[in-house]
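Biologist: Let us go through this model together. I will ask, you answer.

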Amino acid sequence: MNAAASRSSQGSDRGGRSLRERLRVAPGSKVRLADVDPNETHGHAKGRSEEQLARGLERLTDLQDRLWAEAKHPILIVLQGIDASGKDGTVRHVMNAFNPMGCSVTSWKAPTAVELAHDYLWRIHQRTPGKGEIAIFNRSHYEDVLVVRVHDIVPKAVWSRRYDEINAFEQLLADSGTTILKFFLWIDRDEQKERFQARLDDPEKRWKFRLGDLDERKRWDEYVAADEAMLERCSTAAAPWYVIPSNRKWFRNLAVADIVADTLDDLHMAYPPSPDDLTGVVID
């Protein structure tokens, strides 16, 4: 995984490359998740992470303020990952930098009867961002090449053509001005076990645990194969995937915040002038 991207002002690792460069899935590249260490921190240390994340969140807040004021750029952020990989935690610890007035979060569940009566992207398109807005997808349209594949919900002939359909959909969004960032949060099987056990042991988190999670866990290898195909087939110049090592939650948060901020920075947003002529205006 590699990319040509601008260097972050604070997110370069010891090799001098930004996290955006290191973690991006290059279009057309082969992805083998077993070769990605989910404990990797790319030169970052936990001791400094709290301060770095605080600076990153402050940076995101400033960038979103300009994004909203300028009202030119829609931003779509997609979070995917196996159960307990940290999608909710990423929303809670990173996306709280954004003013809710200009930001929406959609946690995608199984489609309703009305949604099933339409094509699978119909419901997705309705939740994409407008100019100046940030839309965050907790899970996404990619469930239609993941869970439907693993559970044989639709035939292979159907889900296998969806990679190209999704790429075309995302290209349409990009051609209309939307900036798309997709994050795959990667944890290993042992880490998932620990997080499931922590949910089971904590009365305040037990509500998040379902017995069905254990059935899904038995399909780990099938999900990994589906994830790898998704990353290979659907990381494009218009809508890149980033694989985030996520066993260490502090690094996950730091990496996502840094990559989002670097990408927003590249839009060179500015506060617009007042639509009124303010020459000589004095407030008594």
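Biologist: Is Arg139 buried, partly exposed or exposed?

Modeller: First, a caution: this is a predicted model, where local features need pLDDT of at least 70, side-chain atom pairs count only at pLDDT 80 or more, and totals for chains, interfaces and linings use all residues. Residues are numbered from 1 along each chain as its sequence is written, and side-chain values use heavy atoms, with hydrogens and water left out. Buried means under 20% relative accessible area, exposed over 50%, partly exposed in between (1.4 Å probe, protein chains only). At 22% relative accessibility, Arg139 is partly exposed.

Biologist: Which phi does Arg139 have?

Modeller: Most residues other than glycine have a negative phi. Arg139 is not a glycine, yet its phi is positive, about 65°.

Biologist: And what is the phi of Ala84?

Modeller: Ala84 sits in the loop between strand 1 (75-81) and helix 3 (87-93). Ala84 is buried, at a relative accessible area of 9%. Its phi is also positive in a non-glycine residue, near 75°.

Biologist: Which residues does Asn167 touch?

Modeller: Asn167 belongs to helix 8 (residues 162-175). With 18% relative accessibility, Asn167 is buried. Contact means heavy atoms within 4.5 Å. Leaving out residues up to four places away in sequence, Asn167 touches Arg233, Cys234 and Thr236.

Biologist: How many residues of helix 12 are buried?

Modeller: Helix 12 covers residues 249-265. The helix is largely enclosed by the rest of the structure, because its buried residues number 15 of the 17.

Notes:
Helix = DSSP H or I, 4+ residues; strand = E, 2+ residues; numbered from the N terminus. Expected span 1.5 Å × (residues − 1).
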